[in-house]
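User: I would like to learn how to read packing and contacts in a model. Can we work through one together?

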Amino acid sequence: MKAVARAHPLWLAYILHRLSGIGLALFLPAHFYVLSLALTDAARLDAFLRFSDLALVKLAEFGLVFLLAVHFFGGLRLMALEFLPWSAQQKTWAAAALAGSFMISTLFLMRAI
Amino acid sequence: MPEISSISVKVARGGPEGAQRMQQFTVPAYESQTVLDVVTWIQQNTDPTLTYRFACRVGMCGSCAMMVNGVPRWTCRTHVDKVLKNGAMEIAPLRNLPVIKDLVADMDPFFDKWVAAEAKHHPSRTRDDPIPAIDPDAPERLVASAGIECINCSVCYAACDTVAGNPDYLGPAALQRAWTLVNDAKDSARDAILDAVSGKGGCHSCHSMGSCTAYCPNELDPMSAIAGLKRETAKRYFRGRAK
């Protein structure tokens with residue numbers, strides 16, 4: 001049987017919010033581990049920071065900043081949707097959250113390289 | 001009407017016992033043909049055992065909704081040429097409901113949830129009292145009026161992934177009906193409704209995917225109604241805490 005049709009803007013905004021949340025949850029332990037190296041093993045931290053200067057790592061960081069920004073703005077959109085007076089412009093807000101996130105993460109990438 | 005060509009249709013067959021299987025039919029194509037016309041043609045010309053449900057044929061009764069190419073639709077108001085993909089289409093019973101047979105879904109869970117959501121009228125007066133005047137332009141009345149054209153077709157219920165993943169979730173239609181009553185000056189049970197929709201499976205289970213609003217054939221907006229219930233129940237909760 002055919003899969004259920006879902007590809008409308010707000011469903012895509014929903015799934016992007018969920019996936020970015022999972023991505024960030026997976027990233028956070030690694031993030032805290034690297035931060036902890038500052039206390040436990042400064043030499044390894046320095047080695048890691050040199051590794052993070054590679055262009056490929058910068059690109060991956062762009063992805064992380066995008067995930068964070070899209071989750072942040074998507075979350076703000078959901079809270080506005082649920083707690084502020086109703087706005088009929090939900091699709092516009094979803095698109096704005098995506099555009100804002102892309103802008104922030106691209107600015108980050110341009111500063112990084 | 002002149003016969004143009006033919007349509008290749010896959011129709012879900014079978015009852016609650018065992019999985020449904022898809023059966024292929026070839027149906028002559030006509031101008032302005034609806035999906036309901038196709039199903040009716042199959043039953044009248046090829047297989048009289050094909051079971052489906054319909055009544056008014058004009059989009060008023062809400063009984064002929066089915067999944068057409070994975071989209072929940074009123075089959076009576078869906079023109080074949082709008083949904084045909086490479087001369088073919090697939091018709092299945094509404095999602096998220098038990099199947100009785102072939103294309104007929106059991107609507108009981110859908111209606112049981114309307115009752116569970118207190119989405120029924122709670123009279124504020126008796127027949128002996130005068131009828132209160134209602135201002136049709138009052139802000140609350142406008143909110144209520146926006147949702148009252150629902151005809152219980154269950155398209156939103158079939159479209160909703162939260163319903164698919166959470167058997168307790170009351171669903172967009174029941175919650176929208178509850179929201180119209182919360183805003184109805186003639187309803188006396190505002191607190192009972194807000195209690196019913198704020199528990200397990202209530203409005204706060206909604207993930208705001210918006211499929212209900214995207215697919216409602218009456219162009220209603222259950223997502224905004226559910227957001228309204230979230231707002232009111234949250235407001236009531238914090239006010240209760242502040243006392």
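**Reading burial, packing and interfaces**

Analyst: Start with a helix. α7(B) is mostly covered, with eleven of its eleven residues buried. Keep in mind that this is a predicted model.

User: How do I read the packing of α7(B) and α8(B), and what is the angle?

Analyst: Look at direction and separation together. Helix α7 (residues 172-182) of chain B meets helix α8 (residues 190-198) of chain B at an angle of about 155°. Their axes are 9 Å apart. An angle over 145 degrees counts as roughly antiparallel. α7(B) and α8(B) are therefore roughly antiparallel to each other.

User: What is the handedness of the crossing of α7(B) and α8(B)?

Analyst: α7(B) passes α8(B) in a left-handed crossing. From α7(B), the contact uses L175(B), A178(B), L181(B) and V182(B). From α8(B), R190(B), I193(B), L194(B) and V197(B) take part. Then sort the contact residues by class. The contact of α7(B) with α8(B) has seven nonpolar residues, one charged and no polar.

User: Now a single residue. Is G18(B) buried or exposed?

Analyst: Count the neighbours. G18(B) counts as exposed because it has 7 C-beta neighbours inside 10 Å. G18(B) is found in the loop between β1 (3-13) and β2 (21-30) of chain B.

User: What should I read for chain B as a whole?

Analyst: Chain B has ten helices and seven strands. Its C-alpha trace spans about 70 × 40 × 30 Å along the principal axes. Of the 243 residues in chain B, 41% are buried. Among contacts in chain B with a separation of 6 or more, 65% come from residues 24 or more positions apart.

User: How is chain B divided into domains?

Analyst: Chain B has domain 1 (3-105) and domain 2 (108-242). The C-alpha centres of domain 1 and domain 2 of chain B lie 30 Å apart. Then read the contact. 15 residues of domain 1 of chain B touch 15 residues of domain 2 of chain B. On the domain 1 side, β3 (65-68) and β4 (71-74) of chain B each supply at least two residues. The largest share, four residues, comes from β4(B). By class, the domain 1 side has nine nonpolar, three polar and three charged residues.

User: How many residues of chain A are in contact with chain B?

Analyst: 16 residues of chain A are in contact with 20 residues of chain B. α1 (9-40) and α3 (55-83) of chain A each give at least two residues to the chain A side. α3(A) gives the most, with four residues. The chain A side divides into eleven nonpolar, two polar and three charged residues.

Note on methods:
Residues numbered from 1 in each chain as written. Chains lettered and ligands numbered in written order. Predicted model: local features only at pLDDT ≥ 70, side-chain atom pairs only at ≥ 80, totals over all residues. Axes fitted to C-alpha atoms, helices over the stretch in contact; angles between N-to-C directions. Parallel < 35°, antiparallel > 145°, perpendicular 65-115°, else oblique. Left-handed = near helix turned anticlockwise from the far one by under 90°. Contact = placed C-beta atoms within 7 Å. Nonpolar A, V, L, I, M, F, W, Y, C, P; charged D, E, K, R; others polar. Buried ≥ 20, exposed ≤ 12 C-beta atoms within 10 Å, placed from the backbone. Domains from an automatic or database assignment.
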